[in-house]
Amino acid sequence: MEVPILKQGAFLIATFQAALSDADLNQLRMGLVQQVVKLRSRAVIVDVTAMDVMDSFASRTLREIAHMIRLRGAETVIVGIQPEVAFAMVQLGLTLEGVATALDLEEGLAYLNEKFKTTN
Amino acid sequence: MAKRDGTSLPPELKQAEEPSELLRELVAHLRQNRTQLREEWVVRITETRLLTAMTKEEIFAEATSVYDSYVEALETEAFEALQAYARNLSERIIPRGVETHEVVGIVLLLRDVLARSLFAKYQNDFKKLNRILDAYEPAANRIANTVAVGFVQERERVIRQQQEAIRELSTPVLQVRERLLILPIIGVIDPQRARQLTEQLLRGIRTNRAKVVVIDITGVAAMDLTVANNLVQTVEASRLLGATVIVTGLSPEIAQTLVTIGVDLGKMNTVGDLQGGIEQAERLLGYKVEKLAEPR
């Protein structure tokens with residue numbers, strides 16, 4: 001399944017679909033990092049609004065994506081986690097520790113703009 | 001009547017009836033004497049000061065339908081119908097303040113009144129009385145049991161409903177500034193209420209697009225480990241929705257509980273009181289509060 005990755009200025013926006021298989025997630029991990037390198041992006045927003053479940057593999061993959069992207073000097077923000085999904089995740093101990101999160105795309109962009117404004 | 005080997009039965013067995021025949025005879029007697037027995041029962045109810053929450057007319061009306069259902073249950077042995085009737089009756093009388101001991105009391109009184117009338121009727125035939133009671137007693141006991149259980153089940157249902165309503169009313173998620181929510185928690189938090197609080201808060205964060213939440217637990221006396229863990233999870237889940245949580249009003253006992261379960265206090269933002277929590281929240285949101293004049 002192809003995950004659309006859009007360029008928004010210095011940022012990339014990847015919109016996860018509802019039912020991503022483990023294989024999809026693996027492919028995404030490589031694909032996103034490659035895009036960050038190719039386009040010299042400063043940050044990636046991963047929009048998971050459409051995901052109504054988040055299992056431990058997906059959660060771990062998101063953390064790995066953030067980690068790999070940070071090694072390229074770029075920031076990752078996960079946006080759009082649904083209340084029910086968030087609740088289920090923390091009960092399983094999946095807290096996405098160390099990864100920035102925001103309510104939605106708008107908030108994610110606001111967060112990044114604020115962050116790059118102060119570090120410039 | 002003769003036995004198969006040709007000899008005859010002893011005299012006392014000559015008039016043996018089928019249990020169902022006895023039951024029919026019993027039911028017929030109870031129906032024939034309905035008015036008188038019902039009246040006697042109502043008198044006993046009043047004497048024993050039961051159903052004081054109801055008027056005499058109400059007691060009489062309910063007594064009539066209970067009596068008829070009682071006799072019908074004896075006759076048909078349809079105990080499911082009786083249980084449904086009992087729950088229905090309970091639904092009516094529980095809001096009137098009728099209690100379990102009263103319901104059990106009046107059913108047992110009816111059992112006694114009916115038994116006495118049987119003693120009176122069969123006083124000259126002790127053996128028949130015994131056979132009648134053999135048929136009557138198990139059925140009567142089962143009826144008392146069914147009605148009591150039906151009543152208690154209805155009471156429990158009402159209590160659960162009330163608890164649910166209280167839970168919903170007592171967990172308001174309040175917006176006090178743009179992007180700032182306050183969740184004041186008061187009273188006892190059991191795991192179910194804790195779960196409901198979390199769900200309500202997360203929905204509130206999304207609806208109000210909150211960036212900071214102040215959870216005030218000044219009004220919470222104690223928290224067990226499960227609920228303390230739930231609080232931690234609430235903080236973590238809120239972060240996943242992009243909101244920072246400030247917990248205020250921790251009592252020494254709760255602070256102890258949190259330390260005991262090894263909560264990473266670096267993860268939990270806490271401030272002494274609600275005022276301090278709101279001030280910090282405002283700072284986080286970029287507000288500065290300035291006093292322009294003295295209060296009038």
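How many bridges join β1(A) to strand β2 of chain A, and do they run parallel or antiparallel? I looked this up to start: 4 bridges join β1(A) to β2 (residues 11-15) of chain A, and the two strands run antiparallel.

**Ground rules.** I'm working on a predicted model, where local features need pLDDT of at least 70, side-chain atom pairs count only at pLDDT 80 or more, and totals for chains, interfaces and linings use all residues. Residues are numbered from 1 along each chain as its sequence is written, chains are lettered from A and ligands numbered from 1 in the order in which they are written. Helices (H or I, at least four residues) and strands (E, at least two) are DSSP runs numbered from the N terminus. I call two strands paired if DSSP finds at least two bridges between them.

**Chain A sheet.** I find an open sheet of 5 strands in chain A, ordered β1-β2-β3-β4-β5, with mixed pairing. β1 (5-8) and β5 (100-102) of chain A are at the edges with a single partner strand each, so one side of each has no neighbour in the sheet. Neighbouring strands here are turned by 25 degrees against each other on average, direction ignored. For angles, axes are lines fitted to C-alpha atoms (for helices over the stretch in contact), and values run from 0 to 180 degrees between N-to-C directions. I also checked one pair: Q8(A) has F11(A) in β2(A) as its bridge partner. Helix α1 (residues 22-39) of chain A packs on this sheet, touching β1, β2 and β3 (43-47) of chain A. Contact means C-beta atoms, placed from the backbone, within 7 Å. The direction of that helix makes about 160 degrees with that of β2(A).

**Chain B sheet.** Chain B has an open sheet of 5 strands too, in the order β1-β2-β3-β4-β5, with mixed pairing. Its edge strands, β1 (174-177) and β5 (269-271) of chain B, each pair on one side only. The twist averages 30 degrees from one strand to the next. I count 6 bridges joining β2 (residues 180-186) to β3 (residues 212-219) of chain B, running parallel. There, P184(B) stands opposite D216(B) in β3(B).

**Interface.** The contact takes 13 residues from chain B and 13 residues from chain A. On the chain B side, α8 (191-208) and α9 (225-240) each supply at least two residues.

**Confidence.** The model scores ipTM 0.91 and pTM 0.64. Chain B averages a pLDDT (the predictor's confidence in each residue, from 0 to 100) of 87. Its lowest confidence is in helix α1 (residues 11-14) of chain B, at a mean of 49. Where pLDDT is low, the predicted coordinates should not be read in detail.

Note on methods: Two residues are in contact if their C-beta atoms, placed from the backbone, lie within 7 Å.
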